[in-house]
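Hi everyone, thanks for coming.

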Amino acid sequence: MLRAVLVAIALCPFARPAVADDALVHLSITPARYADAREALVDAIENEGLVPSPPSRFGDMLARTGAALQQPAPVYADAEVMHFCSARIAWQLARENPLNAAQCPLSMAIYTLPNETGVVHLAWRTVLGDSPGARAADALLQRIARQTADSAGRSDPGH
């Protein structure tokens with residue numbers, strides 16, 4: 001009986017992700033200063049008609065918890081994660097597959113490394129799936145990254 005239930009769950013289309021091809025994208029901006037790139041990122045998000053949520057201060061959290069976890073060396077000089085949502089894309093993704101609620105809001109990390117001067121990094125997850133909504137979300141993320149790089153410095157794309 002248990003085996004039959006497990007097989008039924010495995011065959012259910014809502015029991016697995018739409019696509020198993022999860023990818024992170026990275027863009028280096030040089031020369032750039034963190035404050036300038038951060039402002040450019042917020043401007044790029046707002047230029048798309050979106051309102052960023054208060055950022056997640058990821059670097060600060062790691063700095064606060066490092067000693068307790070025997071991690072004294074900082075990973076980042078600065079690091080934040082910006083969250084934002086396009087209602088149009090969210091609706092499109094939700095209509096394509098209700099599981100896509102887990103892909104919202106979209107986010108983009110901005111960070112610098114301690115021993116790297118004049119380089120600011122952007123990183124983000126591509127949206128899972130090969131649907132019109134996923135492609136629209138990925139295009140939005142690419143536009144935001146490109147506008148940020150153009151406003152804050154020169155870019156060196158890498159993955």
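Predicted model: local features only at pLDDT ≥ 70, side-chain atom pairs only at ≥ 80, totals over all residues.

Residues are numbered from 1 along each chain as its sequence is written, and side-chain values use heavy atoms, with hydrogens and water left out.

Okay, the layout. The protein chain has 5 helices and 5 strands; helices here are DSSP runs of H or I with at least four residues, strands are runs of E with at least two, and both are numbered from the N terminus. Reading from the N terminus, the order is α-β-α-α-β-α-β-β-α-β. Of the 159 residues in the protein chain, 32% are buried, and buried means under 20% relative accessible area, with exposed over 50% and partly exposed in between, using a 1.4 Å probe on protein chains only.

Now, the core. A nonpolar core is a set of buried Ala, Val, Leu, Ile, Met, Phe, Trp, Tyr and Cys residues joined through side-chain atoms within 4.5 Å. The largest one here has 31 residues, and L41, F84, M108, L122, W124 and I144 have the most contacts inside it. Elements giving two or more residues include β1 (24-30), α2 (34-47) and β3 (106-112). Which element gives the most to this core? That's α5, with 8 residues.

Take I144. Skipping neighbours within four places in sequence, I144 is in contact (heavy atoms within 4.5 Å) with L41, A44, I45, E48, F84 and M108.

Next, the helix pair. α4 and α5 pack at about 150 degrees, with their axes 8 Å apart; axes are lines fitted to C-alpha atoms, for helices over the stretch in contact, and angles run from 0 to 180 degrees between N-to-C directions. So α4 is roughly antiparallel to α5, a label for angles over 145 degrees. On the α4 side, I89, Q92, L93 and E96 make the contact, and α5 brings P132, G133, A134, A136, A137 and L140.

Last stop: T112, which lies in strand β3. Is T112 buried or exposed? T112 counts as buried because its relative accessibility is 8%. Setting aside neighbours within four places in sequence, T112 touches Y34, Y76, A77, D78, V119 and V120, all by contact as defined above.

How values were computed. Parallel < 35°, antiparallel > 145°, perpendicular 65-115°, else oblique.
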